[in-house]
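Student: I would like to go through a model feature by feature. Please show me the structure before we start.

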Amino acid sequence: MRLLVLFLFLASGACALIYEITWTRMLTLVFGSTTFAVSTILASFMAGLGLGSFFFGRYIDRRGQPLFVYGVLEIVIGAFALAFPFILVALNHLNVFVHRDLWPEASYFQLSGVKFVLYFMTVLIPASLMGATFPIIVKFYVRRIQRLGEGVGIVYTVNTLGAVLGCLATGFILIRLLGQTATTYGAAGLNIAIGVAAIAINGRLAAGVAEESSVAEESSSAGELPRAMEPTVEPASSPADAVSPLLSAAQPMNQADQREAGISAITAAAQGSLTTPPSITRRLAALVLFGFAVSGFCALAYEVLWTRMLVFAAGVTTYAFSAMLGTFLCGLALGSIAFGKIIDRQKNLLVVFAVVQMAIGVTAYASQFVLTQPDFFLALNTGTSLEFADTWGSFARRLFGSTALLMLLPTILMGATFPLVNKIYVGRLGNLGSGVGKAYLLNSVGSALGAMAVGFLIIPAIGVMNGLLLIAVLNISVGGIILALAPPADSSADAATTARRFPLISAVVSVGLLAALFTYHFTRPAPALERGIRAALEPAKVLHYEEGTSGTFAVVDGKGGAWRALYIDGFNAAGTGKTYNYMRMLGHLPMLLCEDPKDVLVIAFGTGTTSGTIGMYDFEQFDIVELAPEVIDVADYFAEHNRNILDDPRTNVIVDDGRNHVLTTTRKYDVISLEPMPPYFPGAMSLYTRDFYEICKSRLTDQGVMCQWLPPHSQSQHDQQGLLRAFAEAFPHTSLWFAEGTLVAIGTQQELSVDIPKLARRLASGPVHDNLQTTGLNDPLRFVSQFLMGSDSIARYVAEVEPVTDDNPYVEFFSIPKKSHEFYQSANLLDTIARTDSVFPYLTGIPPDQQDAVRAQLESLRTGLRETVQRMAIESARKEGFLDELKASVKPLAPTQQ
């Protein structure tokens with residue numbers, strides 16, 4: 001039965017991580033995917049876990065029947081999960097109401113405070129119920145106080161391994177195959193099944209105990225004690241252990257616990273002996289709990305720091321972040337199970353705790369050496385890109401290899417801390433639930449504070465590597481203090497002599513260790529992370545490097561200034577040069593296709609090229625929404641291309657999540673243009689879904705134009721069609737345009753109509769004419785010749801694929817093997833260019849006597865565009881060696897493509 005209960009708790013841990021991941025994704029759709037939003041959701045979740053563990057730990061010591069209570073909790077968690085999508089709808093309306101009606105004049109920080117309260121209220125109840133299950137299962141599982149460390153270690157390991165399974169299954173499989181709602185409902189069903197099974201097991205145990213009690217009565221009348229009810233006191237390992245059963249016999253387990261365990265009151269008393277050695281005073285035990293809270297603070301701080309470091313090796317994808325979290329949890333599970341038995345055999349637990357804390361600090365700081373050597377960093381960052389792995393096996397080896405190399409050893413030591421602290425702090429079985437609950441609460445609160453502090457204070461103030469040093473110093477200091485205060489394990493004369501010397505020895509060791517750490521850290525030529533990044537980008541010159549709240553940012557000059565790029569977390573997010581000419585079209589297309597634009601919105605500033613292009617036109621107000629304030633800070637490096645648009649009096653910069661701004665603003669826009677990160681980036685997917693486009697449509701005026709970049713280089717043809725279908729379902733009047741090597745979707749409220757004479761006048765404007773002259777698109781017919789497909793052709797093109805939605809963001813979860821950017825670019829462009837329509841039916845203002853000539857000229861331009869794109873794609877395929885694969889992917893190939 002105990003093994004079956006552990007299996008149920010394993011499944012419960014999987015459900016908890018499924019909820020944490022899916023609910024975080026769902027909540028950021030409502031409140032935005034800012035760093036503040038993600039961090040506060042995580043902190044609220046951790047705080048809820050701790051509170052539930054604390055209050056229910058105390059409750060279960062009084063109530064008894066832990067399996068029954070556990071079963072009820074699991075059913076309630078499942079019921080809440082079933083209701084969560086409906087709660088989300090209410091939260092969405094509440095969020096909009098606060099922004100638009102209740103507090104429209106509120107500042108960003110005031111609104112952030114309101115959101116924090118809403119986050120906390122939303123996840124508090126389910127997270128508390130999830131946290132409550134841990135001390136309850138510990139109460140059921142741990143039968144012998146002498147094996148408390150092993151018991152807690154096993155329970156913690158099982159639950160954490162379940163969390164690993166839930167994390168990896170959700171991040172790699174479930175959301176991609178089922179969508180977010182179905183994944184949540186599946187976990188809810190599993191929770192309810194776990195609860196029903198736990199209650200059924202509780203009933204069987206109660207029935208078994210009743211039957212055994214009846215046998216006991218018969219046996220006692222005959223002067224015999226049933227074998228199953230004989231006392232089972234383990235041999236004492238010390239005089240204190242031998243005496244402790246007698247001392248605790250006056251405090252027997254409550255009757256409910258005895259029934260659960262199926263043992264007699266005599267045995268229960270024997271097992272209620274003290275586990276905390278008499279030498280550990282209440283003050284020392286309280287200090288250990290404080291150290292455990294600091295350890296939790298450090299653990300989540302390390303997780304954030306390692307994530308910021310690993311994105312350069314593992315990539316910025318959902319798979320990478322899932323692997324990082326999974327590896328972190330796996331290390332905790334391994335440490336807990338590995339140290340559980342060892343802890344029960346140790347005499348001086350304080351020394352063990354102190355040494356473990358110091359070892360965590362040393363190994364966590366040493367983890368940076370994975371990235372210290374530029375050659376090694378370069379090998380991880382280039383040439384072995386995880387995105388282009390040949391098989392799932394090679395992908396997993398690289399992904400989990402890089403994460404394990406950085407964090408596995410210190411997380412194993414972190415995992416040892418939990419059973420160790422409980423062994424020190426929990427005195428007897430009678431207060432097992434409350435003791436475990438209090439320890440879990442302090443650790444969870446520390447974890448929540450660590451996640452917040454490192455992201456918002458430590459990294460912006462001192463950077464990732466200095467932050468790693470600071471957190472390591474915290475761990476080592478906690479260990480050193482406890483090591484100096486630890487009393488001897490026995491009271492012999494030799495031990496007393498050692499005890500007098502021990503504080504001095506401990507202080508010398510701790511100070512020496514910290515001195516060596518500081519000496520190394522501050523005599524390095526540069527932080528390891530920055531050295532690795534600079535090496536990976538050579539021979540380009542790094543002009544600006546910043547580790548901010550939203551990520552790591554670098555501005556890079558290449559080929560003697562021939563191009564300049566903005567790197568975010570090692571990814572070339574935006575830049576200048578021929579490759580980025582399409583950004584100009586993201587400004588020109590919507591502004592020229594809109595009848596009379598007055599209010600304009602751009603989401604995702606980047607280098608500001610699109611915004612600078614829009615600034616050439618006449619309008620009244622220009623809102624720029626950018627998620628990362630650091631991007632705005634480096635705008636001056638790209639002033640030549642963004643035309644100092646941030647200094648334009650018409651410009652209003654809003655640092656916020658673009659989706660949340662569109663959802664909550666009261667403004668109506670004539671033009672909305674956006675160029676977010678590619679859709680496989682975590683968080684970016686929310687700007688590519690049908691649901692988001694529906695929100696945008698509601699914020700457009702009757703003459704409004706929506707412009708969306710569809711990056712052909714980042715996904716397969718199937719996924720590209722899914723993105724286009726999502727846009728087309730929101731905007732029935734959709735057209736697809738070619739934009740200097742990429743694709744742009746245009747959505748209008750009414751049927752697309754282009755007045756050629758008016759377009760000619762607007763193209764003749766000085767700045768607009770000069771900007772488009774380099775590409776020859778300053779001629780009206782050449783400009784409209786970039787049209788590829790209208791709404792009818794698009795409907796046929798995407799008919800066989802599912803649209804990308806908030807609930808089913810499958811494009812984010814790319815398949816392995818993932819092709820190169822060049823392959824996807826060629827395949828998607830060839831796939832669309834072969835289906836081009838004539839733009840002529842959408843043109844107006846052409847005199848009847850010129851229509852035939854215009855139609856002929858447009859057909860010639862369309863043929864020329866098709867041949868140019870085909871030639872470029874084939875040349876790229878030959879150069880990169882994927883021509884045969886391209887022919888198999890895009891059928892049939894025209895003769896010009898052979």
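**Reading the model**

Tutor: Helix α5, residues 148–178, bends by about 55° at threonine 170. The bend at a residue is the angle between axes fitted to the seven residues ending there and the seven starting there. Helices (H or I, at least four residues) and strands (E, at least two) are DSSP runs, numbered from the N terminus. This is a predicted model, in which local features need pLDDT of at least 70 and side-chain atom pairs count only at pLDDT 80 or more, while totals for chains, interfaces and linings use all residues. Residues are numbered from 1 along each chain as its sequence is written, and side-chain values use heavy atoms, with hydrogens and water left out.

Student: Which residue follows α5?

Tutor: Glycine 179 does, and its phi is positive, near 90°.

Student: Is serine 322 buried or exposed?

Tutor: Buried means under 20% relative accessible area, exposed over 50%, partly exposed in between (1.4 Å probe, protein chains only). Serine 322 has a relative accessible area of 8%, so this residue is buried. Serine 322 lies in helix α11, residues 318–344. Contact means heavy atoms within 4.5 Å; leaving aside neighbours within four places in sequence, serine 322 is in contact with Cys167, Leu168, Gly171 and Phe172.

Student: In what order do the strands of the open sheet run?

Tutor: Strands of a sheet pair through backbone hydrogen bonds, either parallel or antiparallel. Two strands count as paired if DSSP finds at least two bridges between them. Here 8 strands form an open sheet with mixed pairing, in the order β7-β6-β5-β8-β9-β11-β10-β13. Its edge strands, each pairing on one side only, are β7 (651–655) and β13 (787–789).

Student: How many bridges join β10 to β11?

Tutor: There are 7 between β10 (residues 733–739) and β11 (residues 742–748), and the two strands run antiparallel. Phenylalanine 738 stands opposite leucine 743 in β11.

Student: Which strands does helix α20 touch?

Tutor: Helix α20 (residues 582–593) packs on the sheet and touches β5 (599–603), β8 (669–674), β9 (700–710), β10 and β11. Axes are lines fitted to C-alpha atoms, for helices over the stretch in contact, and angles run from 0 to 180 degrees between N-to-C directions. The direction of α20 makes about 160° with that of β9. Helix α25 (residues 690–698) also packs on the sheet, touching β5, β8 and β9, and its direction makes about 150° with that of β9.

Student: Where is confidence lowest?

Tutor: pLDDT is the predictor's confidence in each residue, from 0 to 100. In the protein chain, confidence is lowest in helix α7 (residues 239–248), at a mean of 30, and highest in β5, at 98.
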